[in-house]
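Colleague: Before I rely on this model, I should like to understand the terms applied to it. Would you take me through them?

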Amino acid sequence: MGDYVSNDLRIIKAAIDDFKKIQKYMIIAKKENATETYAELKDEYLSLKAILQVAGVNITDIDKIKE
């Protein structure tokens, strides 16, 4: 059972890292007025946000976009 927990934690950590990275790129795209890039990144952002919420991760403190 311990292997499942550690594997789940690795998956959640990877999703959190990806979520933070996507947000960084979204902020840059918005600053550069790259609307198409921003829209593509937003799709990924929303998917990662949903996955993290289903996994029970409280993303309030790490969600910089708040969309």
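Predicted model: local features only at pLDDT ≥ 70, side-chain atom pairs only at ≥ 80, totals over all residues.

Modeller: Residues are numbered from 1 along each chain as its sequence is written, and side-chain values use heavy atoms, with hydrogens and water left out.

Colleague: How many helices and strands are in the chain?

Modeller: The chain has two helices and zero strands; helices are DSSP runs of H or I with at least four residues, and strands are E runs of at least two.

Colleague: What makes the span of helix H2 agree with its number of residues?

Modeller: The expected span is 1.5 Å times one less than the number of residues. The 20 residues of H2 (residues 35–54) should therefore span 28 Å, and the end C-alpha atoms are 28 Å apart, which agrees.

Colleague: Which residues of H2 are called buried?

Modeller: Buried means under 20% relative accessible area, exposed over 50%, and partly exposed in between, with a 1.4 Å probe and protein chains only. In H2, Tyr 38, Leu 41, Tyr 45, Leu 48, Lys 49 and Leu 52 are buried.

Colleague: Why are the buried residues of H2 said to line one face of the helix?

Modeller: Seen down the axis of H2, they fall within an arc of 105 degrees, so they line one face; the arc is that of the directions from the helix axis to the C-beta atoms. On the other side of H2, Glu 36, Glu 40, Ile 51 and Val 54 are exposed.

Colleague: What follows H2?

Modeller: Gly 56 follows H2, with a positive phi near 85 degrees.
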